[in-house]
Amino acid sequence: EYEPFPGAPTNLSFEIRVFNLRNRQPQGIRIEEARQYFRNHGGVHIYDAGFHLPYYGKNTDWLGIEAFHSHRRTLSELLPDALQVDRGMNYLPTNERLFGMVSIDTSVERRLRPSQTHLAISVTRDRLIDNEAYEGLRDTVRYALDRYATYEANRAIDAEIRTLQIIAPRESFEELSENIDLHLQSVPNDIAIAIRQDVASVVETVTRANERARKEAAILGPLATAGIAALAYDHELSKILASLKEIIEVLENEGHSMATRLTAFLDRAQSTRRLFSYVREPDNREVFDRFKAKQTVQSVVDQLGILTRKVRIEVSSLLDEVLLPIASFAQWASIFQNVMLNAVNSMIDQEVRIIRVSVNNVGRTVNLDFEDTGEGIDLDHSAALFEPFRRKTVVTETSAKLGLGGTGLGLTIVRMVANDIGCNVGFVPPSPGYRTCFRLSWMESK
């Protein structure tokens, strides 16, 4: 499948086959013979009304594949962000693995586009003139190959995930327990019992951690799919909003009263779109650094403005010099967004709505606290709130209308991301005047 690029021929069709010239080949063909055949006849050929253009085919890199590999690029220059895969272009097949035919008809293009740039044969009749139409042809074919590369990258990732096995703790400790029993025969009975109890406790702890990891891994796939869909939606929304802005400008020039109402709608839509800004920009996902806590929290507060308009969020007590552990901005934004939206959700029916973000140090431990004036939680059972689909409260009708909460995955995501960064999360007793305190903590090096 392919998407035609601007200027591409209207009657373009092509078929490209990718061969894996490794391992045993069908029909008993020897690997070296197959590779030699592709060196002599492979590549992607262009036919103009059935006539083969000699320039395109073997030993030519008209699609820029070999140059792309030589520069060690890993992301496509043609695919939108929503279709990119990390290091996806590592799976872009080289010309020596391709056998393809591109069918065009320059005479038809000349008739269909007499006043526009169209495909045309050079004077030597061995190649096409390098113009906008040719660029459209090249980019359209290359786009299809880039899509193939990302498909192969996803297949490789899926295969790797399937081969991963979550450790079965009881099986892993079985041999250890047997060896311990052998050595405990010469140990006093009370000591042997204590050691066996300790081993059993370790096995149980690891088993619970393993089960938690299994549950969290099960939700990563749907979350990743939702994230890709959100990016694709955001891409299309940007086009819609740009068109809406043009319509508003026309209405304003005509003095139409509807322009004011549409402007308000556009402002609200753009504010909502900012919720996705932390994953939309590549630098936010790919740059890892020790960001300033106050500046990072304030950035997330600004992004959430449309959802927190009636909530006072205080960050003034955060010191400018406090640095967060090394991570990407996207990771921190995902934590802070979920934590603050949880707090906002718990304060919907409260007269006083305040979130205070503060930091305190206990030795080398840094505690970043998010306190709110919501309805509070039962600290004795707060650990269960980090499990998938466990909610702190029933989502009220007001919250549902605002789009706040309701999935039961917010704190699960927070714990997953925080653990990856090297932080601990949990609920602790709040300060006087507050009902809930979420704490994120980490250890600073000496």
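Buried here means under 20% relative accessible area, exposed over 50% and partly exposed in between, with a 1.4 Å probe and protein chains only. This is a predicted model, in which local features need pLDDT of at least 70 and side-chain atom pairs count only at pLDDT 80 or more, while totals for chains, interfaces and linings use all residues. Residues are numbered from 1 along each chain as its sequence is written, and side-chain values use heavy atoms, with hydrogens and water left out.

**View 1. Overview of the protein chain.** The secondary structure comes to 13 helices and 11 strands, taken as DSSP runs numbered from the N terminus (helices: H or I, at least four residues; strands: E, at least two). Of the 446 residues of the protein chain, 38% count as buried. Among contacts (heavy atoms within 4.5 Å) between residues at least 6 apart in sequence, 70% join residues at least 24 apart.

**View 2. The aromatic pair Phe386 and Phe438.** Rings of Phe, Tyr and Trp (its six-membered ring) are paired if their centres lie within 6.5 Å, and their planes count as stacked when under 30 degrees apart, as edge-to-face when over 60 and as tilted for the rest. By this rule the count comes to 14 aromatic pairs. In the pair shown, the centres of Phe386 and Phe438 are 6.4 Å apart and the planes stand at 40°, so the pair is tilted. Because Phe386 lies in the loop between β9 (365–372) and α12 (397–402) and Phe438 in strand β11 (residues 436–443), the pair ties together parts that are 52 residues apart in sequence. Phe386 is buried at 5% relative accessibility, and Phe438 is also buried, at 3%.

View 3. A cavity is a set of points on a 1 Å grid over the protein atoms alone where a 1.4 Å probe fits but cannot get out, and its lining residues have an atom within 4 Å of a point. Grid points are joined across faces, edges and corners, and a volume is the space filled by probe spheres set on the points. The structure holds 1 cavity of 30 Å³ or more, and about 100 Å³ of space lies in the largest cavity. Of the 12 residues that line the largest cavity, Val339, Asn342, Ala343, Asp372 and Phe427 are the closest to its centre. At least two residues of this lining come from each of α11 (329–346), β9 and β11.

**View 4. Two arginines over aromatic rings.** A charge sits over a ring if NZ of Lys or CZ of Arg is within 6 Å of the ring centre and within 35 degrees of the ring normal. Arg127 lies over the face of Tyr55 at 3.9 Å from the ring centre, and the charged end of Arg142 sits over the ring of Phe68, 4.7 Å from its centre.

View 5. Ala49, although not a glycine, has a positive phi of about 55°; Ala49 is found in the loop between β2 (43–48) and β3 (51–52) and is exposed, with a relative accessible area of 55%. Asn59, likewise not a glycine, has a positive phi of about 60°; Asn59 has its place in the loop between β3 and α2 (65–70) and counts as exposed at 72% relative accessibility.

**View 6. The surroundings of Ser328.** Ser328 belongs to strand β7 (residues 327–328) and counts as buried at 2% relative accessibility. Leaving aside residues up to four places away in sequence, Ser328 touches Asn284, Arg285, Val287, Phe288 and Phe291.

Terms used:
1 Å grid on protein atoms, 1.4 Å probe; cavity = no way out; pocket = protein on both sides within 12 Å on 5 of 7 lines; lining within 4 Å.
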